[in-house]
Amino acid sequence: MSVSIAGRAAWLSDKHLQRLLAVLTEGGEEARIAGGAVRNVLMGQPVTDIDIATSCLPQETIRRVVAEGFKAVPTGIEHGTITVVAGGKPYEITTLRADVETDGRRARVSFGRDWKLDAERRDFTINALYAEADGRVVDLVGGIADIKARRLRFIGDPEARIREDYLRILRFFRFFAWYGDGRPDAEGLKACARLKEGLGQLSAERIWSELKKLLSATDPSRALLWMRQAGVLTAALPESEKWGIDAIHGLTKAEKDLGWAVDPMLRLEAIVPPDAARMKTLAERLRFSTTEADRLLHWALTTAVEPKTTEGELAKKLYRGHRQGFVDRLRLSLAAARVRAVEDNDALLQAGGFSRLLAFALKWEKPVFPLKGADLTALGATPGPKLGEILKNLEAEWVDAGFAPDRDTLMKRAAEALET
């Protein structure tokens, strides 16, 4: 029985895409939608990127699309990939190819016209589907059956596929988190466990990018469990060793129940220890962005908040600390308390306290200290260490008083301090 994505993929009828496919099939050449776009339509998932495979050689692809009035950018021409902008949308077009030589990170390829060879060089069966311009799906490796079973399988020998690119170990668990059901494919799981040391050949950027995509799945808890069992999680994220991944399931449930957005950074914090030195090392090793590194460090440096803390006490902590660090701490505490609350009335009360504090932290706005150095110099203070110390002490008094003293009161206290 033939399978088609026509009628399920509105983007397939886009006139610019159809023109692009048509120009690439002139003169006996062929072109098909490839990979993730086909997979996602068949699995009822949104499509963000549309890739095309063609028998046209790269330079011929450029010649044809430019002649048609489209823009061509040779983003990966040595591997046969051209990015074409048609109707304002980018399409990645790659010539059919086979790997000639690989070193576990990159491949040297040869171009060809064999669709089966092109399919067999890909990683998983569900990623090796093609669709004609009319929507008819071409399956050369059994991907449709695996999609129906929500089963993730390497194409051919799992070890051979992994040795071509060790990132496929992490991709195995990432795609399982997004698309798999039940247990991971046994042969694929064994191959990932046997070859996990190969992750050491990969760049930090590639590892973190893949981990972040895995942690962005609706519920990555099963994938993380199997990663832990296979020793892959420790190889990729040694900070998680002897810490635990149990908190992930409760966190994903809280996200769903409470309407929180999926947050891969918060999920990372759920599986690593709040140790500032180790988190700094983690961020440096995986080359986090400045924003990511700062958030992780602020979380690690933020002390836990008790559920009976008052809003006033929390406001003082928020002023002296970092709000995102407290928000992350409170979210993780609330998620954990909700899990315990199923069988523990005390935990139910704690969950209520954390929920109250989280709501306060999210709407809290940092008040502005009413005094500046210029106010003290106007009173006759001389710029220098003493002025700074007085200003610091006055701010501490103001915070301890719940931000209540107004400017006039603080000016009187400043004048008194200057007289001593």
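Q: Is phenylalanine 172 buried or exposed?
A: In this predicted model, phenylalanine 172 counts as buried because its relative accessibility is 0%, where buried means under 20% relative accessible area, exposed over 50% and partly exposed in between, with a 1.4 Å probe and protein chains only.

Q: What do I need to know about the model's conventions?
A: Local features need pLDDT of at least 70 and side-chain atom pairs count only at pLDDT 80 or more, while totals for chains, interfaces and linings use all residues. Residues are numbered from 1 along each chain as its sequence is written, and side-chain values use heavy atoms, with hydrogens and water left out.

Q: Fine, how many aromatic pairs are there?
A: The count comes to 12 aromatic pairs, taking rings of Phe, Tyr and Trp (its six-membered ring) whose centres lie within 6.5 Å, with planes under 30 degrees apart called stacked, over 60 edge-to-face and the rest tilted.

Q: Why is the pair of tryptophan 115 and tyrosine 130 edge-to-face?
A: The ring centres of tryptophan 115 and tyrosine 130 are 4.9 Å apart and the planes stand at 80°, so the pair is edge-to-face. Because tryptophan 115 lies in helix H4 and tyrosine 130 in strand E8, the pair ties together parts that are 15 residues apart in sequence; helices (H or I, at least four residues) and strands (E, at least two) are DSSP runs numbered from the N terminus.

Q: And which type is the pair of phenylalanine 154 and phenylalanine 172?
A: That pair is stacked, because the ring centres of phenylalanine 154 and phenylalanine 172 are 5.3 Å apart and their planes are at 5°. Phenylalanine 154 sits in the loop between helix H5 (143-148) and helix H6 (158-164), and phenylalanine 172 in helix H7 (residues 167-179), so the link spans distant parts of the chain, 18 residues apart.

Q: Switching topic, where is aspartate 123?
A: Aspartate 123 is in the loop between helix H4 (115-120) and strand E8 (129-131), and it counts as buried at 5% relative accessibility.

Q: Which side chains make polar contacts with aspartate 123?
A: Among them are asparagine 127, at 3.1 Å, and arginine 171, at 2.8 Å, where a polar contact is a pair of N or O atoms within 3.5 Å; within protein, one must be able to donate a hydrogen and the other to accept it, and residues adjacent in sequence count only if both atoms are side-chain atoms.
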